[in-house]
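Here is a short report on a structure that may be new to you. Look at the sequence and the model first, then read on.

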Amino acid sequence: MLEFFQQAVNGLSLGAIYALIALGYTMVYGIILLINFAHGDIMMVGAYVGFFSISLLGSNILVAMIFAMVTCAVLGVLIEKIAYKPLRNSTRIAALITAIGVSLFLEYITIFLLGATQRVFPASAFPAKYYNLMGIVISNKDIFIIVSAVLLMIVLHYIIKRTRTGKAMRAVSLDREAAVLMGISVDRTISVTFAIGSSLAAAAGVLVGVYYNTINPLMGIIPGLKAFVAAVLGGIGIIPGAMVGGFVMGILETMVSGYGSSLYRDAAAFGILILILLVKPTGLFGKNNGEKV
Amino acid sequence: MLELAALTAFFMLVQYMITVGILNQYYQINLTSMCINIILAVSLNLINGFTGQLSLGHAGFMAVGAYSSVVMTQMLGQPFIIGILAACLSAALAGFVIGVPTLRLRGDYLAIATLGFGEIIRVVLQNIDYIGGPAGIVGISKLTTWTWLFAGTVVSTLVIVNLINSSYGRAIISIREDEIASEVMGINTTRYKVLAFVVGALFAGFAGALYAHYFYIIKPETFSFLKSFDVLVMVVLGGLGSTTGAVIAAVFITVLTAALQTFPAVRMILYALILIIVMIYRPQGLMGNREFSLKIFG
């Protein structure tokens with residue numbers, strides 16, 4: 001039983017990271033029905049910005065995180081303006097292929113500029129401490145990851161539910177044409193969505209650096225895909241769904257590694273995806289909308 | 001008749017150049033990649049271009065084909081032809097098993113589900129010790145000859161072209177144009193989608209068998225989704241729904257890959273830009289759904 005709780009605690013911090021990435025996926029999908037394949041790679045860029053601001057500028061972890069978030073917010077808006085905006089009225093397949101292109105571009109431009117080698121996330125930024133809670137070991141990293149993720153989610157929730165921008169985002173995702181008629185600037189709202197989603201991914205990137213201690217240019221692929229699975233699991237486009245989905249994915253993954261074989265943990269994630277898509281494609285929190293001709 | 005003569009002449013010319021030694025090892029390797037890429041691109045084009053179902057798991061089927069052919073020829077000591085048959089059948093079976101449940105999904109969901117299945121195949125291969133696990137199988141005897149490559153490329157292309165030009169093909173294309181409308185017209189869309197998927201997977205498995213018996217080594221890592229993206233780039237560049245476009249793009253991408261051998265990052269950046277720019281400025285691909293034929297000159 002003790003081991004079970006230990007795995008659950010480990011899973012929580014991983015899940016918090018997935019949830020943060022999944023939020024960006026789900027927000028973008030909710031507003032322009034695009035699976036932003038490059039989202040995991042924006043996370044990677046965030047991790048690199050965090051890495052350099054710690055190792056070169058000597059900033060502390062919080063400053064590094066803010067730095068990464070601002071950079072990636074700008075990056076996300078740029079990507080949307082350059083690559084996705086011209087395709088807003090074309091097929092979803094075309095947009096998805098473009099997103100794959102953007103993803104490959106971010107990965108390999110990073111390899112080209114910074115090299116493919118793995119970099120060790122500076123441990124000095126976050127000296128590890130371990131606490132023993134009735135036999136369950138919790139590190140300060142876990143606490144930091146969970147607390148910062150939850151804080152960001154609260155901020156996000158506030159923005160979406162209580163501000164005018166958030167109201168505009170909800171309106172555009174509900175019915176874009178009606179939102180335009182109500183005088184909402186759709187372009188601006190989509191940009192804000194990309195900015196918020198990307199900055200959450202950047203925060204997740206820095207947290208991944210803290211969690212795994214290493215970063216590399218292809219680090220965004222697998223967490224990105226898993227976060228996507230999390231978003232689908234919770235019901236894509238639904239923000240609380242992404243949070244729940246992220247935590248479920250994180251805990252499941254550590255359970256599979258802990259009790260089964262860690263080699264199968266990636267397969268387990270995709271297995272869940274396929275299962276969800278077959279049984280309830282709208283996700284746990286989704287409502288079924290019939291198809292209209 | 002003229003085409004047949006031209007093909008035979010081309011085959012004999014290359015065969016002669018290989019025997020005499022004009023085409024050295026380097027050119028032969030690229031020629032092999034070219035043929036394999038053509039088979040992959042043409043078969044993926046059947047799924048992505050003609051049926052309109054975006055699949056990102058082509059490398060998975062290639063892996064199934066590569067591994068089952070190698071198990072046949074290397075571990076069970078069967079002749080190459082049995083290996084190839086095993087590759088085609090097992091990949092087609094994998095295509096069927098994966099296609100039946102996932103083809104109920106539409107568009108981007110299907111893309112992610114096939115990507116997931118491709119990765120599951122890779123992870124499963126990594127965990128089977130009999131076939132070497134993550135290290136893969138080394139020392140595969142080189143059975144893929146120019147004759148096999150040429151015949152394989154021609155047969156795959158012909159089968160797919162004829163399939164598309166048949167009544168099956170018209171049903172398949174109608175699904176791409178409008179799935180709901182074709183369903184209303186009485187087409188069993190699931191059946192045709194699965195058919196296209198299985199045929200596409202079969203030829204991907206075939207390409208995998210040819211690949212495995214030329215390049216000496218196979219490992220699960222080779223067949224990651226980046227390989228699927230490679231093929232996707234060819235299909236997108238050539239034109240979703242143009243077989244000749246896929247062939248031309250496969251040849252072009254192979255040459256590009258060979259030219260940028262020493263700069264792999266640059267190659268991938270170019271791929272990325274190809275995907276983005278083609279989608280923004282020419283979403284139907286270079287050839288659109290037109291076919292290239294010598295008739296346009298005459």
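Start where the two chains meet. Between chain B and chain A there are zero residue pairs in polar contact, with both residues at pLDDT 80 or more. A polar contact is a pair of N or O atoms within 3.5 Å; within protein, one must be able to donate a hydrogen and the other to accept it, and residues adjacent in sequence count only if both atoms are side-chain atoms. Salt bridges across this interface also number zero. A salt bridge is a side-chain nitrogen of Lys or Arg within 4 Å of a carboxyl oxygen of Asp or Glu.

This is a predicted model: local features need pLDDT of at least 70, side-chain atom pairs count only at pLDDT 80 or more, and totals for chains, interfaces and linings use all residues. Residues are numbered from 1 along each chain as its sequence is written, chains are lettered from A and ligands numbered from 1 in the order in which they are written, and side-chain values use heavy atoms, with hydrogens and water left out.

**The interface**

How many residues does the contact take from each chain? Chain B gives 38 residues and chain A gives 41 residues. Contact means heavy atoms within 4.5 Å. The area buried between the chains is about 3700 Å², and carbon and sulfur atoms give 83% of that. Buried area is the accessible area (1.4 Å probe) that two parts lose on being put together, summed over both. On the chain B side, B:D108, B:Y109 and B:I112 lose the most area to chain A, together 18% of what that side buries.

Four helices of chain B each supply at least two residues of the side that touches chain A: α4 (80-102), α5 (107-126), α10 (225-238) and α12 (264-281). Helices (H or I, at least four residues) and strands (E, at least two) are DSSP runs, numbered from the N terminus. Helix α5(B) gives the most, with 13 residues. By class, this side of chain B has 30 nonpolar, four polar and four charged residues. Here Ala, Val, Leu, Ile, Met, Phe, Trp, Tyr, Cys and Pro count as nonpolar, Asp, Glu, Lys and Arg as charged, and the others, Gly among them, as polar.

**Salt bridges**

Over all chains, the count comes to eight salt bridges. Three of them are listed here.

| Pair | N to O distance |
|---|---|
| A:D187 and A:K85 | 3.5 Å |
| A:E253 and A:K226 | 3.3 Å |
| B:E179 and B:K193 | 2.8 Å |

A:E253 and A:K226 are both buried. Buried means under 20% relative accessible area, exposed over 50%, partly exposed in between (1.4 Å probe, protein chains only). In chain B, B:E179 is buried at 12% relative accessible area, and B:K193 is buried at 4%. Salt bridges that share partners join A:E80, A:K85, A:R88 and A:D187 into one network.

**The core**

The largest nonpolar core has 201 residues, and A:L20, A:L23, A:F37, A:Y84, B:I218 and B:F223 touch the most other members. A nonpolar core is a set of buried Ala, Val, Leu, Ile, Met, Phe, Trp, Tyr and Cys residues joined through side-chain atoms within 4.5 Å. Leaving out residues up to four places away in sequence, A:L23 touches A:M153, A:L156, A:L200, A:I239, A:A242 and A:M243.

A:T26 sits in helix α1 (residues 2-32) of chain A. Is A:T26 buried or exposed? A:T26 is buried, at 0% relative accessibility. Beyond four places in sequence, the residues A:T26 touches include A:A231, A:G235 and A:I239.

B:T144 lies in the loop between β1 and α6 (146-165) of chain B. B:T144 is buried, with 4% relative accessible area. A polar atom of the B:T144 side chain lies 2.9 Å from the backbone oxygen of B:L210. Outside four places in sequence, B:T144 touches B:F80, B:L149, B:A209, B:L210, B:H213 and B:Y214.

B:A135 is in the loop between α5 and β1 (137-138) of chain B. B:A135 is exposed, with a relative accessible area of 53%. Its contacts beyond four places in sequence are B:I218 and B:K219. B:A135 and B:P220 are 85 residues apart in sequence, and their C-alpha atoms are 7.8 Å apart in space.
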